[in-house]
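Biologist: I would like to learn how to read nonpolar cores and charged pairs in a model of this kind. Could we go through them in turn?

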Amino acid sequence: MSDASLSHDETHVRTARLRTDVSHSARIWNYWLGGKDNYPVDEEVGEQILGFVPALPRSAVADRQFLARAVKFLVGQAGIRQFLDVGTGLPTVDNTHEVAQRSDPSCRIVYVDNDPIVLRHAHALLTSTAEGATDYIEADVHDPGAILQRAAATLDFTRPIALTMLGVVNFIMDTEQARSIVRTLLDALPSGSHLVISHPTTEVDGEAMAEAVRYWNSQGSAPMTLRTRAELLTLFDGTDLLEPGLVSCSRWRPDTADEAGIVDVTHFCGVAKKA
Ligand SMILES: C[S@@+](CC[C@H](N)C(=O)[O-])C[C@H]1O[C@@H](n2cnc3c(N)ncnc32)[C@H](O)[C@@H]1O
């Protein structure tokens with residue numbers, strides 16, 4: 001859906017919700033990735049957070065590179081042709097549909113985010129090939145039922161789907177609830193579907209990350225939490241976690257043969273298959 005498809009009233013309501021005086025996670029993420037779709041308040045909060053963890057932009061880049069490698073693997077080797085991408089973020093280079101449709105133009109992708117600024121840029125996420133399809137749903141990850149219902153307009157739930165949740169489960173504060181939401185989404189997908197998660201952890205720069213998150217939660221519009229690797233593993237319960245398991249995003253099937261030169265980042269990730 002692009003702005004052009006919104007009625008005047010809808011545009012008015014959404015513009016009113018677009019706070020430029022409060023930092024937003026999608027826009028801070030965009031700032032760390034070197035994008036231009038952010039406001040001074042995002043730059044200010046983003047810089048303050050870098051005061052705690054200067055390496056965070058490296059985490060953001062590693063997360064995006066992991067996304068590209070995982071999607072390429074899913075289409076090229078796991079036979080996946082459908083993606084449900086929850087917590088999409090602002091469009092950047094190598095969005096999910098671009099990576100997937102480069103391997104097979106017939107791939108179908110549904111994007112989901114609850115941030116009005118992402119909605120404003122959604123037209124850039126909807127540049128599908130003619131053979132495939134992309135759709136954008138404005139919805140909250142805490143409402144998996146609504147996501148599933150609306151995604152069914154574009155995705156065929158009798159065929160395998162990759163559920164990608166990069167940098168979004170950390171906005172579900174309670175781990176039991178996070179497990180339940182992931183489980184609800186995954187239960188709706190057929191055998192052969194895949195689960196892809198990336199998540200900020202306490203595994204690297206743990207104390208500094210905890211400080212940074214405390215600051216984030218005092219400034220940002222949506223609170224977030226960190227998890228340990230052990231906690232993250234429980235999100236994959238009941239699935240077959242594929243090699244190399246749950247690792248720093250920089251270490252998931254890296255393109256380089258020089259593994260000794262790889263640096264661990266705060267975001268950890270995994271790809272799993274539903275039996
Ligand atoms: C850190 S960004 C990650 C973007 C992208 N997945 C990536 O890995 O580059 C987190 C995204 O999750 C979205 N998000 C945060 N809370 C959400 C919620 N409750 N429901 C849906 N999306 C949410 C934000 O708007 C933002 O776009």
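This is a predicted model: local features need pLDDT of at least 70, side-chain atom pairs count only at pLDDT 80 or more; totals for chains, interfaces and linings use all residues.

Biologist: Which residues have the most contacts inside the largest nonpolar core?

Modeller: They are Trp32, Leu84, Leu163 and Met165, in a core of 50 residues.

Biologist: With which residues is Leu163 in contact, leaving aside neighbours within four places in sequence?

Modeller: The partners of Leu163 include Leu84 and Val86, then Val182, Leu185, Leu186 and Leu189, and also His194, Leu195 and Val196.

Biologist: How many salt bridges does the structure hold, and how should I read one?

Modeller: In general, side chains that carry opposite charges can pair when the charged atoms come close. This structure holds eight salt bridges. In one of them, Glu176 pairs with Arg179, with the closest N and O atoms 3.4 Å apart; both residues lie in helix H8, three residues apart, which is about one turn of the helix. Glu176 is exposed at 52% relative accessible area, whereas Arg179 is partly exposed at 27%. Through salt bridges with shared partners, Glu176, Arg179 and Asp237 are joined into one network.

Biologist: Where in the chain do Arg251 and Asp264 lie?

Modeller: Arg251 forms a salt bridge with Asp264, the closest N and O atoms being 2.6 Å apart. Both are in the loop between strands S7 and S8, 13 residues apart. Arg251 is partly exposed at 28% relative accessibility, and Asp264 is also partly exposed, at 35%.

Terms used. Residues are numbered from 1 along each chain as its sequence is written. Side-chain values use heavy atoms; hydrogens and water are left out. A nonpolar core is a set of buried Ala, Val, Leu, Ile, Met, Phe, Trp, Tyr and Cys residues joined through side-chain atoms within 4.5 Å. Buried means under 20% relative accessible area, exposed over 50%, partly exposed in between (1.4 Å probe, protein chains only). Contact means heavy atoms within 4.5 Å. A salt bridge is a side-chain nitrogen of Lys or Arg within 4 Å of a carboxyl oxygen of Asp or Glu. Helices (H or I, at least four residues) and strands (E, at least two) are DSSP runs, numbered from the N terminus.
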